[in-house]
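Me: I have a model open and would like to work through it with you step by step, with each answer ending on the value or name I ask for.

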Amino acid sequence: MQAQKELGKKPGQNVSDRRVDGWWWLVVTVIGIVILLAAAHPDPYWRIIRFVSDGVLVTVGVTSTAFILTLIIGLITALGRLSRNKLIRWLTTIYVEVARGIPLLVQLLFWYFAFPSLIQSFGHWLHYEPLERYLANPFAMAIIGLTFCYAAYMSEIYRAGIQSIPKGQNEAARSLGMSHYQAMRYIILPQAIKVILPPVGNEFISLLKDSSLVSVVSVADMTRRGREFMAANFIPVETWMMIALLYLVMTLISARVVAWIERKTQTEER
Amino acid sequence: MKQQPIIHIDNLHKHFGTTAALNGVDMSVYPGEVVVIIGPSGSGKSTLLRCINRLENFEAGSVIVDDIPLTTAENINAIRTEVGMVFQSFNLFPHLTVLENVTVAQKVVRKRSKPEAADIATALLEKVGIPEKANDYPGQLSGGQQQRVAIARALAMNPKIMLFDEPTSALDPEMIQEVLDVMLQLAHEGMTMVVVSHEMGFARAAADRAVLMDEGIIVEEDIPDVLFSHPKKDRTKAFLSKIL
């Protein structure tokens, strides 16, 4: 049986079974440059890194929280767009079109500045004290803003993945008596996940980069901390080069991890 | 055969857009009966089969399966568990092993425990002659083997009726017989079967009745030997002269 499994593999697949691909050297090089700069010129490079280190954690935290929410809300939206219920299909389609049609920066400004104002007016109208004194939490608003926008894009990725599974799969599942939900859960989604993994990984990298926009709504992420450092020290070249390198380290590592997951799911089974 | 029919189709109409696929079909199938449907492509034979478990909607007429009319959603799911279906293109689940293909619906729909479902699946894979492939994935099997797994998958739900939609049309010639053998065995065991197929040998050996469809209606039906050798209608003669 083992021999047959080997035979079933396409030629060349063994090469991609390796855990490390050819592009990790780029990651190592960029990390090397960062370390070299910090070691050779602690002032200003090591100072910059120390100053923005809490911002790195904020960037990672905001990105991963928004990404997890995006995965969940994106799936719900995709199922809504594929629903047989006309109203649900209509509502989710409007959401996707609106969220994709407004620049992310404008959306973030809306959630941080306009949304709390609306809540306060609403509280005023109701004469309800807690709502009248509502203040936006910058973190929460930044995560809501990123999720609202990215879940719309994510739902389109899910939808394309689900629709790429041949119709016969659903028919076979339904003819065995499975409900629509059971066919999705056990037959369609497990196959669709393999198709959508690469684009989902790319969305994570986009989200990581776009999270720099939350710096305008008073979240002290890496970009905002960089601006604060520059305002105090007036060394734009060194500051922004180091911030750029730090983003690059994160995105390059993410890209390698995505490539690894992709290879792993494609060599498994078939 | 004076019992109640297990499938009762009355004046069934179905359109795809403006083209009519079924133009008023009446048909009854009795328990234990094997019916083979033949006819040119586009004659509506597959559509008729797919109406029996409501994979296709229909505009007018009625389908009653095992005394349950196909109307509401609960009825449809109830009927689908009683009606097994085998497709031309197998439609096995490629992300599951052969054994999992046969157990997944048992666990999810019939709520059987994992070991119980696995026992039933193993017995059925034995019956269709490929117990040694239980842990392989469908992609590693030949077409004939895949179709036999698909039959086992449908049988695992203990259906009262089995529908076969051109089960051997996608197979290489040397693999057709192994699938027909399984179907013959089922027929001898008394399974109620409706088969869309042009396998005359199978029809003669196993079918109680052969039905010729054309342009969405039933043209002629009779015992297979009589229909194939002494057709009464010109349209039947014309069709048979093309395929024999």
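Me: How many salt bridges does the structure hold over all chains?
Reply: This is a predicted model, and side-chain atom pairs count only at pLDDT 80 or more. In general, side chains of opposite charge can pair when their charged atoms come close. Over all chains, the number of salt bridges that the structure holds is 23.

Me: Which residues form the salt bridge between chain A and chain B?
Reply: The count between these two chains is one salt bridge. Its side chains meet at 2.6 Å, N to O, and they belong to B:Arg50 and A:Glu171.

Me: Which element gives the most residues to the side of chain A that touches chain B?
Reply: Between chain A and chain B there are six residue pairs in polar contact, with both residues at pLDDT 80 or more. On the side of chain A that touches chain B, the elements that give two or more residues are α1 (2-8), α9 (167-175) and α10 (180-210) of chain A. By class, this side has eight nonpolar, eight polar and five charged residues. With seven residues, the element that gives the most is α9(A).

Me: What area is buried between chain A and chain B?
Reply: In terms of contacts, 21 residues of chain A meet 29 residues of chain B. The size of an interface is often given as the accessible area lost when the parts come together. Carbon and sulfur atoms give 60% of the area buried between chain A and chain B, which is about 2200 Å².

Me: What is the volume of the largest pocket?
Reply: The residues that line the largest pocket number 22, and those nearest its centre are A:Arg84, A:Asn170, A:Glu171, A:Arg174 and A:His180. Two or more lining residues come from each of α8 (138-163), α9 and α10 of chain A, and also from α2 (73-82) of chain B. By class, the lining has ten nonpolar, five polar and seven charged residues. The volume of this pocket is about 820 Å³.

Me: What is the distance in space between B:Asn75 and B:His95, C-alpha to C-alpha?
Reply: B:Asn75 lies in helix α2 of chain B. Leaving aside neighbours within four places in sequence, B:Asn75 is in contact with B:Ile68 and B:Pro69. B:His95 is 20 residues from B:Asn75 in sequence, and the distance in space, C-alpha to C-alpha, is 29 Å.

Me: Is the peptide bond from A:Asp43 to A:Pro44 cis or trans?
Reply: A:Pro44 lies in helix α4 of chain A, which covers residues 42-81. For the peptide bond from A:Asp43 to A:Pro44, omega is near 15 degrees, and the bond is cis.

Me: What is the value of phi of A:His127?
Reply: A:His127 lies in the loop between α6 (104-126) and α7 (129-132) of chain A. Phi of A:His127 is positive in a residue other than glycine, with a value near 55 degrees.

Definitions and conventions. Residues are numbered from 1 along each chain as its sequence is written. Chains are lettered from A and ligands numbered from 1 in the order in which they are written. This is a predicted model: local features need pLDDT of at least 70, side-chain atom pairs count only at pLDDT 80 or more; totals for chains, interfaces and linings use all residues. Side-chain values use heavy atoms; hydrogens and water are left out. Contact means heavy atoms within 4.5 Å. Buried area is the accessible area (1.4 Å probe) that two parts lose on being put together, summed over both. A salt bridge is a side-chain nitrogen of Lys or Arg within 4 Å of a carboxyl oxygen of Asp or Glu. A polar contact is a pair of N or O atoms within 3.5 Å; within protein, one must be able to donate a hydrogen and the other to accept it, and residues adjacent in sequence count only if both atoms are side-chain atoms. Helices (H or I, at least four residues) and strands (E, at least two) are DSSP runs, numbered from the N terminus. Ala, Val, Leu, Ile, Met, Phe, Trp, Tyr, Cys and Pro count as nonpolar, Asp, Glu, Lys and Arg as charged, and the others, Gly among them, as polar. On a 1 Å grid over the protein atoms alone, a cavity is a set of points where a 1.4 Å probe fits but cannot get out, and a pocket is an open set with protein on both sides within 12 Å along at least five of seven lines; lining residues have an atom within 4 Å of a point. Grid points are joined across faces, edges and corners, and a volume is the space filled by probe spheres set on the points.
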